[in-house]
Amino acid sequence: MNTLYTIWSVARFETKLLLRSWAFRIFSALGVFVLVMMDIGLGLKTGWSPHFLNSLSGSLPLFNIKILNIYQGIIAAFLATEFIKRDRKHDTTQVMFVRSFSNTSYLLGKLCGILAVFTILNVVVLAVAVPFHIFGPTPFALTPYFVYSFWISLPTLIFMVGMSVMLVTLIRNQAVVFVIMLGYSLLVLIFLGQHLFHVFDSFAFYQPLVMSDFTGLANPEDVYRLRGAYFLWGLGLIAVAALLTPRLRQSRIANIVTAFVGVVCLCSATVLGYDYLQGKFADREYRHQLRNTAQAMTEIPVPTVTQYRLLLDHQGEKLDMGAELTVVNNSPVVLDSLLFTLNPGLITEKISANREELSFTRTDQLLWIRPNTALSPGDSLSLSLDYAGRIDDRYCYLDIDDKRYESLYRIWLYSFPKQYSLVTPDFVHLTAEAGWYPIPGLPPGAAFPAPIKRNFADYQLSVDVPPGMIAVSQGRSTIDHATGSAVYTFNSEQPLAQMSLTIGRYEQRQIEVDSVSYRLCLFPGHDYFADFLDEVGDTLPSMIRELKNDYEVGLGLQYPHARFALVELPIQLYSYQRLWTVAQETVQPEIVFMPEMGTILAGGDFRRMKRRANRRQERANQEGNPAEIQAEYFSTFAKVDILGMENSRRGIRRFAGVETRYEVLPNLVSYMTNVSSVQCPVLNYAFEAYFQDRVSPPGNTRSRRWRGMTDEEKANLALQKKSLAGIITDPNAVAIARPTLQAKGRHLLSLLEAKIGRELFSGAIADFLIANHYRNISDRDFGDFVAAFDSTDFSAVVDTWYRDTALAGFLIKDVESYKVQDGERTRTQLKFTLTNPTGVDGVVELGLRYRRNRMGGFSRGFFRQTSNDYTELLWIPAHSAMDFGVVLDDDPSEMTIDTYVSRNIPSIITVQFREQTIRRNERPYVSREIIADRDDQLVAGEYLVDNEDQAFDVGMKAKENWLRRTLLGWFGSADSTDPYVGMRFWNPPGNWVATTGPEFYGKFIHSGMFKEAGDGRSIVAWNVKLEEPGEYDIYYYESGIQMPRWGRHRGGGQYSKGEKTFLVHHEDGIEEITVDLDGVEEGWNYLGTFRLAAGENTVEMTDANTESFVIADAIKWVRR
Amino acid sequence: MQIQINQLSKRYGREKYALREINLNINSGMFGLLGPNGAGKTTLMRILVTLLPPTFGEVTIDGLDLKKHRKEIRKLVGYLPQDFSTFSKMAVWEFLEYAACLSGLRSRKARMAKVDKLLESVGLFEVRDRKAAKLSGGMKRRLGIAQTLIADPRVLVVDEPTVGLDPQERLRFRNLMADLSREEIIIILSTHIVGDISSTCTDMALLSDGKIVFNGSPDDLIAASKDKVWHISARDQELDRLQETYPVISAVPAEDGYELRVVADRIDDRPAEPVPPNLEDAYIYFMQSIGYEMSMESKGAAW
């Protein structure tokens, strides 16, 4: 009791002292102020914050606690060491130290004091957040406040105090200890915390802790273990500090008790941490084991299931299931043993056929059933299986490599846990990936890159659903309320590729449009968009109809189901992109899932869209019709997230690193048929990507200057080194594999389309798909389909496409657009020559945007429109060119030539047109003629050196600033390892680096070199070997890129190109020429005329500039 | 109540002895610990109040072994270090209350009563709400004494309490000590100011270079220097030579030179008049007789 009283007393007075200390007051006031400001931004309905920052009820508290946690951790380290320093003024505390209490109780008292003041700080910060939360846009719940405070704040605080107190008793120097603690914190926050399953993440900065509003913490065991470990480490370190305290111990027993408690805490902490880490490694190991188990079976012939009848009894976190399967042997061999795959957490209890029990064996997920008589080709069998257990989530996504699987699902400060299936008393989510019913053979993930086959079957599912919950699955449902709970029975109306089941406390809304029943299933209180769509009610059916029609027309396919459900899932349910299909588990037949509260939807930020719309209106000084504006939000949301028809609107935010998508396409393509190619396992992807490309415009190319190369361009560079086959099987090329496949996919069928003609091909391929509904398409089927139109051996085309590294490249010349008299009408002529000088046939897509659509017109002008008004595929054989001419009724303002998979960088050639003027003498000219390759040769006496050439020399390298590079690397802004980087005006690179863009000179690759402006000592040189001496005009290529003026010029929004300083070496010496670029046009510019000797000649350029950086591109010599 | 110190030594590092084989018996009453700077007074006191462990030897307080019964001994002692200061952000009464809490006074009522009583007895009641940072040196020292008394200690260890105090505060402090010594407690007062001891202590020890060189009453020390203190007159030019020959306690300028007070066994070279010694004379005589170098600086400090 004395001990407790001492702890209480010390804590009481320590609290008083801390609350009175200026250090604490200033630090806390500052922290509270900053957080309140942020809360205002985050919490107000009209605030600036994007939707994901306040979508979940835990978002606001988590944001506050995460920021506060780092802040207070560091401050606590300071204060904890501060009291030791204060105590070291011997005469102050020695009068205390001669009193009768133990060192441990004294230190614990100090700790409690610190905890008390920080609890006050936490309470203040969170109490301030609460009103913003209650009156803000986010649903309010109190639980996250407690959960996050307890699991994030408390362990970090105790750990930081423990560690700093321990260190200060060892080192006895507050400044040194504080610097160590600061360094440690930085190391954890920037580096250590991200690695090794976040085991070093003492601040819980990276550890996935975001709670779902409905299922709570997804990984409580991980949280308890790791956070518990830090809590105990903190206590253990305090005990160590108590033992090391420079005060003579009170009694031996007190010391023994302290040492014992310390050892227990440290050991328990270590055990918890080890257990956590061990668990993670064991999970990884287990996944490897499952993967290996499966991989040995890829060649085994398997049966086909034509019918499933599933009976599911949901018991808390367990499933008890019965399955009746009609199995057919469609393979050419006799099967005496039938291979199925089932989640390894589900234990097979009994298998029978015709009431006779069958023998079976289970190895992890594999289930071998031995029928009493072997199954001959064409034979069928009815199997009955009983199995039960818990779904083992580790079984999902076995094909995803460890790095990707273990990578963080993180947006800004929020790390979400990743789960792939969920079975709790209140919620069930099962997709085929979870293996909740037996599938014949291996799941595609385990089989790839072996050919993937989809099993199309009829499904029936019966499930008992507790009161208050509803079940969502495929097919026509009937609900039997006879017993207390509801028995849902789902019957598929056509064969399905897979079946899913979701049970939850959903609120649902339903609307029927054109005999399709649309259903929206949301968690209660999660209709966050309702306020933004309150005006659209009556027009909803027509909007849906219009969107569906647009989509179907674009795709050339019809939505094949009678139902469409949009179902909200807890935030932690994640899915990966695959290499054999565009389908993800977040899209199931008849169902598209959406993330909780639309958190990670790119087009789901209605608040932001509304703000933009308001701002636009204010600027345009016009009153918009609210219903029309709201229709725009709805359409954006549908087009961006559900239909995948838009991906580059302004205001749309795609979250880097988050793979999950929610696009409906698989419902029309992937789940209806499947290209099962032996020759090329990714042919199905190419097939699907072609359809995807029909509705979705190419990515945003506008920001490429800042971001560096687009994914397509990176893919193109990769493809010049390695074939597609090489890239998709290279574990180091995972990041580039999918964009490469995407680009190659649309390229393959576009080649055919360009050759055959768009209209003919697009109708035919849709018919081909429909004809193959519910079956797998073989190489031969595909070959036959192509042969009907084109004599080319499709198999050879696929082979080249899959295994070759040669790429086409395109040059555009003589682009002209002017008005021309066509009979009675004045129309617009567009002409150009597109050359393919390479040895590979190529295809490009020409896109035009019309000027009339750029201005005015409410619906189009409202958001920046990115799709083209006119597109045409142009097929250009190797070593030839196309003489292109078209007469249009509209004036194009911009022409793009998407070169698909090619050597071109930028891969999209963009040409802007000014106002077209009439040319009276010209006649309308229409041509698609293939002519001989007219690759321009330089005329005699002309010499050109580009930065891509060998003769371009990057001279003196500036000294590499290691520290800067490392720090930038930590913050993710390091100079990229890509050969071409994006241009950034802030903090340009210290050395010359290459960047690409249409502004630069180049053949296939339009690139330039840039670096930060220097003192003129770093020099680049264009070297040329002139054949004859004489007078030469020298020209330099100017990109015309302007740099925003920072610093003292700031605020004016001024741009400038600055100047360039050339050193021209000529017969009489060197002449320095400084050009003021602000008056200079983009393109070739005259530098001067010089007398040059034959042989080696050089033009140099320095890095001196009045603006932030310098650009070097190309130099041309022309003999007079 | 008795403190017994047997063969106590304290060594810092390998060779530096701060205390060597100290043997002392201290009984109730005021005990003075006199000695020059660096003699080991503070070390001895810090050992007695359990802030430092002894290297060798044995100390018992009221029969309790200092090494084994720290918990009990800490309940008995009160300590006022030389440069006592308190938490600057705490009010006078709060600091005392903190000390009371740490001493185990649980009842808030009793605690506050005690605090007020002590504040009155040390004359700080009027400034009880003042922050410690705003107290004068004397007030701080009185607050220091008050906090040592909060747990009714039976051994009070006070290190150099009067250094830096003005005469009035010093007198007040001595009176406070004298009042306390009437109770049955041991007060150990370390000082190098002889006046503190002569006015209050009944028993004393003289510490030099870590060793006890004298232990007895102040009167015994004075008696030992009887007929060793002389009054002589000297001309201006003789002063330097005399200062080199004898320890000069005081030199007062007179009409034709100086009137000097010196300590010496005998003075043969000039007329000298023996004067009765006081404790200061005795201290200097004693220190000199054991060979301690008494420079003018050290003497100055002793004043």
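I count a polar contact as a pair of N or O atoms within 3.5 Å; within protein, one must be able to donate a hydrogen and the other to accept it. The model I am reading is predicted.

**Entry 1: polar pairs across the interface**
I looked for such pairs between chain B and chain A. The rule finds 13 residue pairs in polar contact, both residues at pLDDT 80 or more. I then checked salt bridges and got three across this interface. I looked up one pair by name: Glu94(B) and Lys16(A) meet through their side chains, 3.1 Å from N to O.

**Entry 2: what chain B brings**
I listed the elements of chain B that each supply at least two residues to the side touching chain A: helix H2 (70–76), strand S6 (77–80), helix H3 (92–102) and helix H5 (137–149). H3(B) gives the most, with eight residues. By class, I find 20 nonpolar, seven polar and twelve charged residues on that side of chain B.

**Entry 3: contact and area**
I see 39 residues of chain B in contact with 30 residues of chain A. The two chains bury about 3,200 Å² between them, and 57% of it lies on carbon and sulfur atoms. In chain B, Arg74(B), Phe87(B) and Leu102(B) lose the most area to chain A, together 24% of what that side buries.

**Entry 4: a sheet in chain A**
I traced an open sheet of four strands in chain A, ordered S11-S12-S18-S15, with antiparallel pairing. S11 (422–424) and S15 (470–473) stand at the edges with a single partner strand each, so one side of each has no neighbour in the sheet. The twist averages 20° from one strand to the next. I then followed S12 (427–430) to S18 (501–504) in chain A: three bridges join them. Leu430(A) has Leu501(A) as its bridge partner in S18(A).

How values were computed:
Residues are numbered from 1 along each chain as its sequence is written. Chains are lettered from A and ligands numbered from 1 in the order in which they are written. This is a predicted model: local features need pLDDT of at least 70, side-chain atom pairs count only at pLDDT 80 or more; totals for chains, interfaces and linings use all residues. Side-chain values use heavy atoms; hydrogens and water are left out. Two strands pair if DSSP finds at least two bridges between them. Axes are lines fitted to C-alpha atoms, for helices over the stretch in contact, and angles run from 0 to 180 degrees between N-to-C directions. Contact means heavy atoms within 4.5 Å. Buried area is the accessible area (1.4 Å probe) that two parts lose on being put together, summed over both. A salt bridge is a side-chain nitrogen of Lys or Arg within 4 Å of a carboxyl oxygen of Asp or Glu. A polar contact is a pair of N or O atoms within 3.5 Å; within protein, one must be able to donate a hydrogen and the other to accept it, and residues adjacent in sequence count only if both atoms are side-chain atoms. Ala, Val, Leu, Ile, Met, Phe, Trp, Tyr, Cys and Pro count as nonpolar, Asp, Glu, Lys and Arg as charged, and the others, Gly among them, as polar.
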